[in-house]
Amino acid sequence: MNKTRAIPRVLHPAHTQLSFHTLRQAFTPARSSHLAPTACASQCIHDWTLRPPQRQLFQRGYASSRAAESTIKHTGLYDLHIKHGGKMVPFGGFSMPVQYADLGVGESHDWTREKASLFDVGHMVQHRLSGPAASLLLEKMTPSSVTALPNYHSTLSCLLHPSTGGIVDDTVITRLGPDTFYLVTNAACREKDLAYIEEQIAASDHPSHIDWQVLDGWGLIALQGPLSEEILQNALQALKATDLEGSEVALQKVYFGQCKHYIVSDPSSSVDAAPIMVSRGGYTGEDGFEISIPSSWTPTFTQFLLDNAGPDKLRLAGLGARDSLRLEAGMCLYGHDLNDDTTPVEAGLSWVVHKDRRTGGGFHGDGVILRQLRPVKEGGTGPSRRRVGLVVEGAPAREGAKIMATDGEEEIGHVTSGCPSPTLGKNIAMGYVKNGMHKAGTEVSVLVRGKKRKGVVTKMPFVASKYWKQAAGTSPG
């Protein structure tokens with residue numbers, strides 16, 4: 001059977017400007033509509049948030065983007081970074097701030113844990129998959145039960161290689177409607193991911209029933225820390241934001257792993273009103289939000305957040321603090337702690353393989369992954385290695401450091417990430433060790449600068465997470 005080549009429709013920044021009149025019409029259901037309110041909201045997001053009216057959607061092949069891979073790109077907040085003294089470095093094909101003039105990396109880390117920080121994550125790739133066959137595609141590419149995912153809920157997952165079950169990339173999948181999904185993937189994996197998704201759509205049974213868009217130019221910022229809810233709630237109220245039903249903002253009712261769309265408008269600005277998507281979660285272990293913003297609003301909205309909160313509560317933070325925060329939270333960085341040859345089970349991410357997928361399978365690499373999930377005594381193989389956390393004495397262990405057994409010269413693994421923990425005052429790391437050496441409390445030796453240092457396998461996260469979950473019953477902060 002001939003398969004149709006899938007090329008994503010790329011939404012250029014110039015095509016994301018929506019007039020206030022158009023938005024008011026788009027997000028106000030007609031009285032005669034036969035759709036329920038939730039269906040109307042979903043249709044509005046489909047038609048207006050991600051398909052701007054009266055604009056042509058351009059298609060772009062991969063050849064041109066690959067040819068330009070060596071060009072360092074800028075997010076929509078580049079000028080804001082320079083204005084605030086950002087020290088810019090290449091990262092994932094973009095010029096990104098590693099820190100700012102007002103705070104050192106350690107100070108910025110502590111500020112996030114104690115107050116709130118704002119991170120530019122606009123280098124990451126935002127996708128929209130929709131159509132009758134979208135959920136089937138996602139359940140082939142990932143081990144997640146996306147068909148059971150409620151609307152406006154998210155799940156962390158992994159794109160998987162056929163046969164091997166190796167991780168192509170880690171991703172967050174959000175369901176926006178019955179057949180509409182929003183994905184975020186890593187910037188450093190952009191070309192690989194685009195080629196992979198293109199191939200998977202083309203090989204599917206119903207490629208014409210899948211619409212794939214890459215939201216190029218859209219902003220993405222992460223507001224993280226115990227003051228995040230207060231800061232964002234106040235900012236959205238000041239911008240007279242409402243949800244799609246016209247209700248006032250109530251972020252305390254948006255829990256970890258959930259999202260909500262809001263319409264924001266600023267009477268003092270010439271920028272038109274716009275829809276933003278607010279998702280509760282993040283990469284630091286703190287309570288917080290990730291906010292997807294049309295390009296025309298990205299600088300305005302970000303600067304407004306900073307100004308409305310003030311420097312006593314909110315500061316910009318860069319890649320340096322983001323890395324130490326995510327490591328304390330036990331979170332993986334693709335290309336370091338995850339790669340094409342590592343399965344979710346080896347990576348300690350077995351929980352992304354949802355319960356019904358463990359019996360039914362049907363995803364890439366299910367033969368390998370399901371055998372790894374089953375212990376040897378039950379007829380499985382188990383994983384040959386496992387990702388673990390480590391506390392290391394002496395100098396900090398960095399990526400590539402060998403992990404040795406304490407009773408000899410046997411190399412049992414290697415470090416994939418490591419740094420001093422500003423919160424704990426200890427050297428922490430994560431890495432892979434052979435199965436059987438992964439239990440908490442196991443002592444190992446870590447080769448740091450030619451010297452063996454004592455290491456102890458430690459449960460992750462190293463610092464307790466503070467996500468705002470419905471079952472917790474207590475307010476964040």
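Biologist: Which residue stands opposite Leu220 in β15?

Modeller: Ser292 does. Six bridges join β11 to β15, and these strands run antiparallel. Two strands pair if DSSP finds at least two bridges between them. This is a predicted model, where local features need pLDDT of at least 70, side-chain atom pairs count only at pLDDT 80 or more, and totals for chains, interfaces and linings use all residues. Residues are numbered from 1 along each chain as its sequence is written, and side-chain values use heavy atoms, with hydrogens and water left out.

Biologist: What makes β12 and β16 the edges of the sheet?

Modeller: The order is β12-β13-β14-β15-β11-β5-β16, an open sheet of seven strands with mixed pairing. Strands here are DSSP runs of E, at least two residues; helices are runs of H or I, at least four; both are numbered from the N terminus. β12 (242-243) and β16 each have a single partner strand, so one side of each lacks a neighbour in the sheet.

Biologist: How do you know that helix α5 packs on the sheet?

Modeller: Helix α5 (residues 105-114) touches β5, β11 and β16. Contact means heavy atoms within 4.5 Å. The direction of α5 makes about 115° with that of β5. Axes are lines fitted to C-alpha atoms, for helices over the stretch in contact, and angles run from 0 to 180 degrees between N-to-C directions.

Biologist: Why is Trp468 called buried?

Modeller: Buried means under 20% relative accessible area, exposed over 50%, partly exposed in between (1.4 Å probe, protein chains only). Trp468 has 7% relative accessibility, so Trp468 counts as buried. Tyr255, at 17%, counts as buried too.

Biologist: Why is the pair of Tyr255 and Trp468 called tilted?

Modeller: Rings of Phe, Tyr and Trp (its six-membered ring) pair if their centres lie within 6.5 Å; planes under 30 degrees apart count as stacked, over 60 as edge-to-face and the rest as tilted. These centres are 5.6 Å apart and the planes stand at 35°, so the pair is tilted. Tyr255 is in the loop between β12 and β13, and Trp468 is in the segment after β22 (451-458), 213 residues apart.

Biologist: What lies over the face of Trp111?

Modeller: Arg315 does, at 4.4 Å from the ring centre. The rule asks for NZ of Lys or CZ of Arg within 6 Å of the ring centre and within 35 degrees of the ring normal. The charged end of Arg385 likewise sits over the ring of Tyr432, 4.6 Å from its centre.
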